[in-house]
Amino acid sequence: MKQSASNRKVKEQAREVIASILLFDVSDPRLHLVTITGCEVSYDRSVCNVYYTTDPERYAGAQAAFEAASGHIRSLMAKKLSWRVAPELRFYVDTSVDQAEAISQALNSEREHQEKRIEEETIGEDREY
């Protein structure tokens, strides 16, 4: 789906405002060290899907905290934005960061394995000469 410049601007504006609210206006300790990775805002701006990430062991606590604080975050968001409506907020865990970390670890492990194999082959060649 093609994105227009205004659509990207709306998404980024929503992400920045929600991140700012979490940083300065929400005091729930379950929402500390939570990163807002992106937002998807509906065409009429009535719904905003918010994607976040944190440590995997904190997913359940963060989801519960978002459910408890969504009304407060929504009202603060309405005050900070000049949108006609305050969007309904839906919070979703973004596991792509965890997947990227797992891929990175697998690649590093494979690289170390390859380096060890090459080193063993090189040592074996030195013995033959």
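My entries follow, one topic at a time.

**Entry 1: model**

I am working from a predicted model. I number residues from 1 along each chain.

**Entry 2: cysteines**

I looked for disulfides first. I found 0 in the structure. Cys-39 takes part in none, and its nearest cysteine sulfur, in Cys-48, is 4.1 Å away. The cut-off I applied is 2.5 Å between the sulfurs.

Is Cys-39 buried or exposed? I got a relative accessible area of 8% for Cys-39, so I wrote it down as buried. Cys-48 comes out at 0% relative accessibility and is buried as well.

**Entry 3: positive phi**

I went through the backbone angles next. Most residues other than glycine have a negative phi. I therefore noted any non-glycine residue that departs from this pattern.

Leu-33 is one such entry: its phi is positive, about 60°, and it is not a glycine. I placed Leu-33 in the loop between α1 (5-24) and β1 (35-41). Its relative accessible area is 70%, so I call Leu-33 exposed.

Arg-45 also went on the page, with a positive phi near 65° in a residue other than glycine. Where does Arg-45 sit? I traced Arg-45 to the loop between β1 and β2 (47-53). With a relative accessible area of 30%, Arg-45 is partly exposed.

**Entry 4: largest pocket**

I turned to pockets. The largest pocket holds about 200 Å³ of space. Which elements give two or more residues to its lining? I got α1 and β1. The largest share is from α1, with 3 residues.

I listed the lining residues, among them Ala-19, Leu-22, Leu-23 and Val-26. Leu-33, already noted for its positive phi, is also in the lining of the largest pocket. Thr-35 and Ile-36 are on that list too. By class I have 8 nonpolar residues, 2 polar and no charged ones.

**Entry 5: second largest pocket**

I gave the second largest pocket about 160 Å³ of space. Its lining includes Ser-4, Ser-6, Asn-7 and Val-10. Val-41, Ser-42 and Tyr-43 line it as well. Arg-45, the residue with phi near 65°, lines this pocket too.

Which element gives the most to this lining? I again wrote down α1, with 3 residues. I sorted the lining of the second largest pocket into 3 nonpolar, 4 polar and 1 charged.

**Entry 6: aromatic pairs**

How many aromatic pairs does the structure hold? I have 3 aromatic pairs. I looked at Tyr-52 with Phe-66: the ring centres are 4.7 Å apart and the planes stand at 50°, so the pair is tilted.

Which residues do the ring pairs link into a cluster? I noted Tyr-52, Phe-66 and Phe-91.

Conventions: Predicted model: local features only at pLDDT ≥ 70, side-chain atom pairs only at ≥ 80, totals over all residues. Heavy atoms only, no water. Buried < 20%, exposed > 50% of the residue type's maximum accessible area, 1.4 Å probe, protein only. Helix = DSSP H or I, 4+ residues; strand = E, 2+ residues; numbered from the N terminus. 1 Å grid on protein atoms, 1.4 Å probe; cavity = no way out; pocket = protein on both sides within 12 Å on 5 of 7 lines; lining within 4 Å. Points joined across faces, edges and corners; volume = space filled by probe spheres on them. Nonpolar A, V, L, I, M, F, W, Y, C, P; charged D, E, K, R; others polar. Phe/Tyr/Trp six-rings, centres within 6.5 Å; stacked < 30°, edge-to-face > 60°.
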